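Take a moment with the sequence and the model shown here, and then read on.

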Amino acid sequence: MLLKRIILMVSTAAAVLASAPADFAAPFNPNDVAADPAMLMHVDCDAVRASAIGQWLLSEPAVQDKLASVGAQFDVNLSNQLHGITFYTTAAHSQDGVMVVAADFEPGPLLAKAQALNDFACATNGSRVIYSWVDEKWKRRLGRTARVYGAISGRHVVYGQTEPRLADAMDVLEGAARGFDGERQLLRAKPGEAVLLEAALLKVDFRNAQGPAAIFQMCKSVCLKVSEANNNTTAVIRLETADDDTAAQVNSVVQGFLGMLKMQAEDANAIKFANSITISKDGHAVGVTISMPSPEMIDMLKSGQEKGRQRGANRRAQDKDSQPNNK
């Protein structure tokens with residue numbers, strides 16, 4: 001599951017170089033992002049933990065084991081000390097992402113632990129200290145390892161793939177460079193709604209997209225918001241196009257996808273999921289809304305997990321049966 005992977009991945013990265021008071025806000029802050037993002041994503045970890053979906057995720061043994069393992073390694077409690085995660089790339093550097101983490105860790109013990117990491121180093125960049133290490137798990141290209149860069153800026157921990165991008169991100173956080181002023185492009189929270197995750201593809205090249213993703217070739221931007229209100233979980237996707245004709249084409253394609261989903265009569269969850277979807281066209285934009293009671297969505301996710309485990313077990317059994325008998 002994407003959200004679970006994001007939380008676990010960032011927990012591990014942030015735990016190395018994190019330091020911040022606990023009295024900051026976890027919702028998305030456009031001032032944390034550079035002025036010209038190509039894509040961005042924000043996870044409000046506090047809102048996730050308070051949600052029904054988040055409580056189920058955190059009750060999963062795999063999640064508990066991972067958080068406990070990392071927490072023990074760095075003497076922190078990742079189940080309540082990680083508050084917000086923002087990831088973005090810029091139009092000028094679309095391959096070099098930046099991650100901004102809001103967390104409350106004590107830096108001293110963590111930095112002492114970090115010094116044991118592979119090829120750990122620290123360097124000054126003006127008045128800043130930038131830490132880096134080599135992580136064998138983050139191979140960016142076949143045969144190459146990735147050097148991870150991190151720094152602390154006030155109440156944030158900044159993580160980057162390259163030192164220049166990390167320095168740029170620090171400039172934004174410290175007010176030396178202009179931040180993102182296009183918040184109106186995003187799907188904002190409604191009264192009483194807790195936004196768990198929001199994302200936007202604003203300047204991404206989809207010319208080589210294939211399969212269902214090819215629909216993005218017709219879009220100027222794509223925005224996503226996942227939220228919970230009154231124990232109901234809702235995901236909203238907005239596909240913005242250049243003109244009304246293109247919007248009509250996108251609407252037809254999305255309606256076609258929904259029609260195919262509804263034809264899967266043998267899968268009760270697929271039918272339930274399809275019935276939770278509404279599609280609307282508003283000028284140059286097409287909106288897709290998926291909404292259902294949180295307990296029903298959790299049951300559906302559990303069912304999907306169980307089917308995944310069963311498929312894995314079946315594949316392992318087939319592989320075992322296909323092996324020659326060496327007795």
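This is a predicted model: local features need pLDDT of at least 70, side-chain atom pairs count only at pLDDT 80 or more; totals for chains, interfaces and linings use all residues.

Two strands are said to pair if DSSP finds at least two bridges between them.

## The overall picture

The protein chain has ten helices and twelve strands. Of its 327 residues, 45% count as buried. Among the contacts in the protein chain with a separation of 6 or more, 62% are between residues 24 or more positions apart.

How are the strands arranged? The twelve strands form an open sheet, with antiparallel pairing, in the order 4-5-6-7-3-2-1-8-9-10-12-11. Strand 4 (121–125) and strand 11 are at the edges with a single partner strand each, so one side of each has no neighbour in the sheet. From one strand to the next, the twist averages 20°.

Strand 1 covers residues 37–44. Seven of its eight residues are buried, so strand 1 is largely enclosed by the rest of the structure.

Six bridges link strand 3 to strand 2 (residues 82–90), and the two run antiparallel. Strand 3 also runs antiparallel to strand 7 (residues 156–160), with four bridges between them.

| Residue | Opposite residue | Strand of the opposite residue |
|---|---|---|
| Leu 40 | Tyr 88 | strand 2 |
| Met 39 | Leu 201 | strand 8 |
| Phe 87 | Met 99 | strand 3 |
| Val 101 | Val 157 | strand 7 |

## A closer look at Ala 38

Ala 38 has its place in strand 1. Is Ala 38 buried or exposed? Its relative accessibility is 2%, so Ala 38 counts as buried, the cut-off for buried being under 20%. Ala 38 and Thr 89 are 51 residues apart along the chain, yet their C-alpha atoms are separated by 5.5 Å. Leaving aside residues up to four places away in sequence, Ala 38 touches Thr 89, Thr 90 and Ala 91, and also Ala 200, Leu 201, Leu 202, Lys 203 and Val 204.

## Glu 193 in its loop

Now let us visit a loop. Glu 193 is found between helix 7 (163–173) and strand 8 (194–201). With 17% relative accessibility, Glu 193 counts as buried.

Which side chains make polar contacts with the side chain of Glu 193? One is that of Lys 225, at 3.0 Å. Another is that of Ser 227, at 2.6 Å. Not counting residues up to four places away in sequence, Glu 193 touches Arg 188, Lys 225, Ser 227, Glu 228 and Ala 229.

Helix 8 runs over residues 244–262. At 1.5 Å a residue, its 19 residues should span 27 Å, and this agrees with its end C-alpha atoms, which are 27 Å apart. At the start of helix 8, the backbone nitrogen of Asp 245 has a side-chain oxygen of Asp 243 within 3.2 Å.

Which residues of helix 8 are buried? They are Thr 246, Ala 247, Val 250, Asn 251, Val 254, Leu 258 and Leu 261. These residues cover an arc of only 140° around the axis, which puts them on the same side of helix 8. The face turned away from this buried side carries the exposed residues Asp 245 and Ser 252.

What do the buried residues of helix 8 pack against? Their partners are strand 10 (232–240), helix 9 (268–275), strand 11 (277–282) and strand 12 (285–293).

Helix 10 lies across strand 9 (221–229), strand 10 and strand 12, and runs at about 90° to strand 12.

Conventions. Residues are numbered from 1 along each chain as its sequence is written. Side-chain values use heavy atoms; hydrogens and water are left out. Buried means under 20% relative accessible area, exposed over 50%, partly exposed in between (1.4 Å probe, protein chains only). A polar contact is a pair of N or O atoms within 3.5 Å; within protein, one must be able to donate a hydrogen and the other to accept it, and residues adjacent in sequence count only if both atoms are side-chain atoms. Contact means heavy atoms within 4.5 Å. The expected span of a helix is 1.5 Å times one less than its number of residues. The arc is that of the directions from the helix axis to the C-beta atoms. Axes are lines fitted to C-alpha atoms, for helices over the stretch in contact, and angles run from 0 to 180 degrees between N-to-C directions.
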